[in-house]
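Hello,

Here is the structure I promised to pass on to you. Have a look at it first, and then read on for what turned up.

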Amino acid sequence: MSQEPMNDKLNDLWRSEAPSSSRLQKEKEGEDMLTMVIERTRKFDRRILLRNVREVVAAAIVTGIFAWFAWKAPAGLERIGDVIVAASGVWITFYLLRSGSGPRALDPGMNLNAYGQLLHESYDREVRLARSVKYWYLLPMYVGLAVVSLGMGLRLHGAGQSARPAVVSMVIVTVGFGLVWILNEVYAVRCLEKLKRELAGME
Amino acid sequence: MDGAEASTRAVSDSDRGRRETFLRLISEYRGAMRRLAAVYVNDSRDREDLVQEIAVALWQAIPKFRGEASERTWLYRIAHNTAITASTKLRRRGRTESAVDEVPDPPAESTHGDKQLIDSQKREWLMRAIRELGAVDRQIVTLHLEELSYREIQEITGMTEGAIATRLTRIRERLAEQIRKQEVELR
């Protein structure tokens, strides 16, 4: 079989669909699609706005509470720890707003080659962000809370009381932060690496 | 007319223009979008979801279109780029994986002469054969079957015309061979 008839055959098969809708039907389908698209875009914008507001509010609450603790702290070391945690809240908000906490939207109007490369880079960036959570998110707060616990322990010990509350609070903080670290370093990175592999597999 | 009124009017004009462009593009290219979705995902609900994803991307991209490329090549770039990202997500959701064998069975004896059914089945074979290609080959052949010129395919993919021609020869042979095999099995 020559190339041309087979080419025609492929083209015929490609377009052998059910007859297309009437003009009126097409217009109705287009309007329905437009309504759906506008609704989805609004929902998406609202979700992003809510997420950003939530992050800023959470950081503001942490900063406010620990600033209050610092103000009321009975000893110098505890005050330093509280100030570190309060400053961490501000730092995390700044970092999130600067680097964006979600995947950055790529321009789908660019050519496929360039888009593919940028998509890979965007996944790499997400992986780096998830892997670095321990440094920019967990470490500053953990250090602050550790200093608070140490200060509390020394204060209690100095007053002849048991330092157990300070030890217990440090253990709870360590477990909690450990879980967040595992979620980001192991689970989130694994999901992103899987996405990257799937993308590479499609090429 | 004061400044605020002029500004409101400009916004509403641009919004109307955006809606008109969207409706025109959807009306012209909906069939092409459906065919494109079918080479990325198999499940019919996933295909519909993918068409919607492409429509959303198109709506968001319209205000950014500056006419550097033709409207047609720009639209196909959006469609394929969105399909690549969205189909990965849809595959993760699992529906596509589980529906890999959702290909119509060969027609029964009594319907053997039903040309429409046979055509629809052959079309599904073609779609499946294209789905089995790598993403780049899939994009090139889809654009070729949509009757875009080599130059347009070059604009969309970023590959050279020579590379496109070489790939297309190989892909066409592969697809034709697979369709022939299926036809022999059907007889």
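A contact here means heavy atoms within 4.5 Å. With that in mind, B:Phe22 touches A:Gly30, A:Met33, A:Leu34 and A:Val37 in chain A, and B:Ala55, B:Trp59 and B:Ile62 in chain B, leaving aside residues up to four places away in sequence. B:Phe22 also belongs to the largest nonpolar core, which has 70 residues, and is listed with B:Leu50, B:Ile130 and B:Leu175 as having the most contacts inside it. Helix H1 of chain B, residues 3-40, gives the most to this core, with eleven residues. A second, separate core has 15 residues, including A:Val85, A:Ile92, A:Tyr95 and A:Val133.

Before you go further, please keep in mind that this is a predicted model. The scores are ipTM 0.73 and pTM 0.76. Chain A has an average pLDDT of 84, with 89% of its residues at 70 or above. Among the elements of chain A, the mean pLDDT is lowest in helix H1 (residues 3-15), at 70, and highest in helix H5 (residues 133-158), at 92. For chain B the average is 82, and 80% of the residues score at least 70. Where in chain B is confidence lowest? That is helix H4 (residues 95-98), with a mean of 44, whereas helix H7 (residues 150-157) is highest at 94. Over residues 96-110 of chain B, pLDDT stays under 50, and the model has 25 contacts beyond four places in sequence for that stretch.

Now for the two chains. Chain A has six helices and zero strands, and chain B has eight helices and zero strands. Of the 203 residues in chain A, 34% are buried; of the 187 in chain B, 48% are. Chain A exposes about 12500 Å², with 66% supplied by carbon and sulfur atoms. Chain B exposes about 9200 Å², and there carbon and sulfur supply 48%. Taking contacts with a separation of 6 or more, residues 24 or more positions apart account for 71% of them in chain A and 67% in chain B.

On the surface of chain A there is a nonpolar patch formed by A:Leu49, A:Val53, A:Val57, A:Ile61, A:Ile65, A:Trp68, A:Phe69 and A:Trp71, with about 860 Å² of accessible area together. A:Trp71 lies in helix H2, residues 23-72 of chain A. Its relative accessibility is 67%, so A:Trp71 counts as exposed.

Ten of the eleven residues of helix H6 (residues 135-145) of chain B are buried, among them B:Asp137, B:Arg138 and B:His144. Just after this helix, B:Glu147 takes a positive phi of about 65 degrees. B:Ser87, in helix H3 (residues 71-93) of chain B, counts as buried because its relative accessible area is 0%.

Finally, the charged pairs. How many salt bridges are there over all chains? The count comes to 20, and here are some of them:

- A:Glu193 and A:Arg131 meet at 3.6 Å, N to O. This pair links distant parts of the chain, with A:Glu193 in helix H6 (residues 164-202) of chain A and A:Arg131 in helix H4 (residues 112-131) of chain A, 62 residues apart. A:Glu193 is partly exposed at 22% relative accessibility, and A:Arg131 is partly exposed at 38%.
- B:Arg19 and B:Asp15 also form a salt bridge, at 3.6 Å, N to O. Why are they separated by about one helical turn? Because B:Arg19 and B:Asp15 are four residues apart in helix H1 of chain B.
- B:Glu152 and B:Arg72 meet in a salt bridge of 3.0 Å, N to O. This pair also links distant parts of the chain, B:Glu152 being in helix H7 of chain B and B:Arg72 in helix H3 of chain B, 80 residues apart. B:Glu152 is buried at 17% relative accessible area, whereas B:Arg72 is partly exposed at 25%.
- A:Glu29, B:Arg30 and B:Glu48 are joined into one network by salt bridges that share partners.

Methods:
Residues numbered from 1 in each chain as written. Chains lettered and ligands numbered in written order. Predicted model: local features only at pLDDT ≥ 70, side-chain atom pairs only at ≥ 80, totals over all residues. Heavy atoms only, no water. Patch = residues over 30% accessible without salt bridge, like charges linked within 9 Å, V, L, I, M, F, W, Y side chains within 5 Å. Areas by Shrake-Rupley, 256 points an atom, 1.4 Å probe, with all protein chains shown as cover. Salt bridge = Lys/Arg side-chain N within 4 Å of Asp/Glu carboxyl O. Helix = DSSP H or I, 4+ residues; strand = E, 2+ residues; numbered from the N terminus. Buried < 20%, exposed > 50% of the residue type's maximum accessible area, 1.4 Å probe, protein only. pLDDT = per-residue confidence, 0-100. Core = buried A, V, L, I, M, F, W, Y, C linked by side-chain atoms within 4.5 Å.
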